[in-house]
Amino acid sequence: MIRTSLHTALLLIIALAPVTTTATGAAVAGDGPGEGASGLVASASASTHDSQPRPPEQPAPLRPPEQLWSFEFRGEPLKEVLETVARVTGTDMMYDPGMIEDVVIYRRIREQPMPRLLSEILADTPMDFIVLSSGTMVIVRKVADDPAYGSFAGKVRDGHTGKPLHGATILLADASGGTATNSSGVFQLSRMISGSHRIIISYMGYHPVETIVEIRPDELVRTDVALEPRAFTFTPVVVEAHRADLAGIHNRASAQSLAGWDVSGGRRDPIRTLGLFAGLQYGLPLQDIHLQGGRQGEHRIRLDGIPVYNPYHFGHFYSSFSPLAISDVRLHKAGFGAQEGSMLSGIIDFVHDIPSPGSRGITFLGDPVNANIRADFSFVGDNGGTPGSSGTAGSGSGGALHEPYPSVSLTGSFRSNFWDLYQEPNLQQTLRDWGYVDQILAENLLQGPGTIHNEYETLKQVSDLHYLDAHAAVRYEPNPFHTISASVWHGRNRVRMSALNRRYEGETQNNYLFTRDDYEWQNVIGQIRWDASPGPRTTVSTRAGFSSGRMDHSYHMFTRHTADMGLDEFSTFLSPRAAYSRMADDVGVKPRHAGFNRIIHGLVSSELQYHFTPQFRLDTGLEFNAVESQVDFSEFFFLPTSSDEASIFGTLYSNLHANLGKTWRITAGSRFTRIDTHSRLFAEPRLSVQYDRTNSAIGYWSARLAAGVYRQFIHQYDITNVGPTSLVPSFTVWSHASTDEPPKAYHVSGSWLYHPSTLTTLKLEAFYKWEPTRYIGSPRSLAAETGAGFDRSSAEAFSEATRLRSSGFSARLQQLLPDPRIKLMLGYDYTRAELRMSQFGRTVPAPWNEPHRIQARGIIDIFGPVSLIANWKSVYGRAWGFRQAYYDYLWVKGTRTIGSQFDFGSPEDDRLPAFHQLDLSLRYRPSLGSLRVDVHLDLINVLGRRNVIDWSLKPTGMQATQPLQLSAHNAASGGYGGDGNSGGGNSSNVSQDFDTTYEIHERTMPGFYPVLRLEIGL
């Protein structure tokens, strides 16, 4: 900025300026309100008024009355504003175009004479004007003493529920600065020049609010602001890092929140909602979340900032969180900042939904599988607010919200299924279909590699599915800028399946196979947090919490000559566990798995946000973590193993946020972590840059580039489940291997957000990730002999180091049709992930990789309270078609081929057919006064497709006189493909006395089925 104290010097500069704008006449551009060069128009009107009235006895001067002008500018560049005013008013103006570059005007002016009009326009800019003797107005830089400063602080809430909104954006309308709210919805803007400021407050899924704030020197102005939700916000709002700068797009509608895209499928579930978003691979049966090509365990799921280990019910069919308990979801993908944590792929934060002060009620939600109940209660004081605070209402959809203090709000939620009372037929049939005996695995476990593979029939099967979760959360607000919140959650779920199976005729001994598959997961978390704004530039937060997770798994199988306990007594086979174990101990052959995994995590953290100016903010914090993990597989299909680790690590992090002008947003920071078992300091530098182009020829667009180094100090391993009737393909164990080198990843990501109109939003994302150090579960380590050098008491016994490389591209198009009742979304994701696996001795595509995913979703308001929601999903290119145990157990144990047809050494060639599913959901929300009713009829898999999950092999035409000797080398693969069909063939290394053929058995999803769910709120 060039400053001078002499008007003569200013006039000399202006006289030499290369551009002079002179306008005469009063022509108005356009025929009416339309779009000018900046996308908006300045409306103008004129009236006449004698500015100097005189007493009646004095004659009025013989001159025309002074004209008064009215204008409205909504985000236009100052250059265009001056051109418009000069043209409309017929005023001559002079200015240097370079001097007014990057200045944007938001101003509404009503009936002002020309000098006052120009003063109003330039009020919030570094410009002033002088009038020459010729009447020409010359725009100059202001000459003044150093300005006085004040501060602006407040809290942003949901206008319906009153709950604080974390991550809401607060921007100065001239794009000169901004900030975001913390977890309590509180924000601070310090060192604001005194005077009037137009503020834009926005949050994804809510209508933005404009408000005018009058800042006085050395004073703090405080306000509460309520934002009104957009329509269809009946699933959690997901907040991502790259969002539109609403000031830059002239306060148009923000990117349409995907909160409106309710997930049909009979399972209202906050985790399943994530499958809608770019870069998240989730939604297929028995599948975990995979974030931008990473394997499960590379991201962390947190509840109120506390990590949750094994957050699933029944494998991955349901999350452990009640849908009535969760409000927002915060998604941090590649390029996330230093304050978010140390994980290789990202963070997924779920937030408890605490009611607003004054709210009370009970909500019920039920479907054929489970029931939910929630109760809310609150207490508020009667002091009418904090003395001395002030607030201003803004134009738009919301305004100030003044609530009495102190206030206490609490909520409790409980969910459980009722399998003992009612077994939903479709789920029951699915469990029965998935619990069939895999003959290949059964015979290899019972008699070892190279045995005859018999075919079994299931005589009796009993399943038990039980889960529950309980949530409680409370928030205490003594005043608008101090908050204490706490929450606890307990989740417990169990899956059991027992079966009595019989070999087909022809066997002479041990014809009956008994199996029992048993899983149990338990989680507990708790946390308490304090948030405060002790000064006009500072907000602080402190949290203490803990998390505990435990997984128990056992698998028993044995054979008998007869089913001597009788089919009528088979129900005793399911429970108690001790009775079954005694039966298993009676037989000589008893391959089994019995073990557990436990992790306990305690943490304390504190964060400080300090605003140097509205343009610069520093976030810095400290974290201390104490972690203890234990893995104990005393009885195992592979080799027994155990590991017991404990460590303490501390982290210091800092982030500097800078708003440079109206276009650039830069965040730079790093984490520094020290572990008590290492002598090193682990650094994780990170950087993100965002550029917003507000007035381009194609409309508003924004680009973001982010990169960084990411570490991970707590690891997740997947152990393949090799039981022949196992429901869950793998189980998860946690260990932090304190003496190992922590895994490391280099991330770079880019995204482009485009708003050509208020009806259309397009977002493109791309990422690349290289992990030179990564740990995975290792079948070779589990199968190694004791003398092979593996320490069976450390994580080395079940893990191995590897490398992973992933990249991908995502696109999301959201379209609101001119008919506001119709909303559409199209999505495409491409992902490529490769890692080195020791059992193959080479790099192969990752087992979880889904190269191509296509989604289409829509909401149609049919009439009044009735809506139709449609969801289409397709997945192409899935490999690793057989059960994971074929590659991780049979291959490692030496059974590497079956016949001459099936080779388990090339998983990338075992491609499953494409997955396609269409779901429809009809929603009815009648207006019944204070009673809230929400009815969903979900039509699942309307096309009735039997989508394939995985394959196993089934022997056919077997007549054996001696055991089958399988070759140990890799036979040429062939004779089968993605359609699941196979031909026959003879093994080259077997006796000529028998002939064996195999066919692929497909484990599939159920066909079409309807689900009805009902929600009632009182």
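Me: In which strand is His747 found?
Reply: This is a predicted model, where local features need pLDDT of at least 70 and side-chain atom pairs count only at pLDDT 80 or more, while totals for chains, interfaces and linings use all residues. Residues are numbered from 1 along each chain as its sequence is written, and side-chain values use heavy atoms, with hydrogens and water left out. Strands are DSSP runs of E with at least two residues, and helices are runs of H or I with at least four, both numbered from the N terminus. His747 is found in strand S41.

Me: Is His747 buried or exposed?
Reply: Buried means under 20% relative accessible area, exposed over 50%, and partly exposed in between (1.4 Å probe, protein chains only). The relative accessible area of His747 is 4%, so His747 is buried.

Me: Which residues does His747 touch, not counting residues up to four places away in sequence?
Reply: Contact means heavy atoms within 4.5 Å. On that basis, His747 touches Ala334, Gly335, Leu344, Ser345, Ala706, Ala707, Gly708, Tyr710, Tyr768 and Lys769.

Me: How many bridges join S38 to strand S41?
Reply: Two strands pair if DSSP finds at least two bridges between them. S38 and S41 (residues 744-757) run antiparallel. One of the bridge partners is Leu753 in S41, paired with Ser702. The number of bridges joining S38 to S41 is 12.

Me: How many bridges join strand S37 to S38?
Reply: A hairpin joins S37 to S38 through 2 residues. Arg686 has Gly708 in S38 as its bridge partner. S37 (residues 681-696) and S38 run antiparallel, and the bridges that join them number 9.

Me: How many residues of strand S38 are buried?
Reply: Strand S38 covers residues 699-711 and is mostly covered. Of its 13 residues, the number buried is 10.

Me: Is Leu622 buried or partly exposed?
Reply: Leu622 is found in strand S34 (residues 616-635). Its relative accessibility is 42%, so Leu622 counts as partly exposed.
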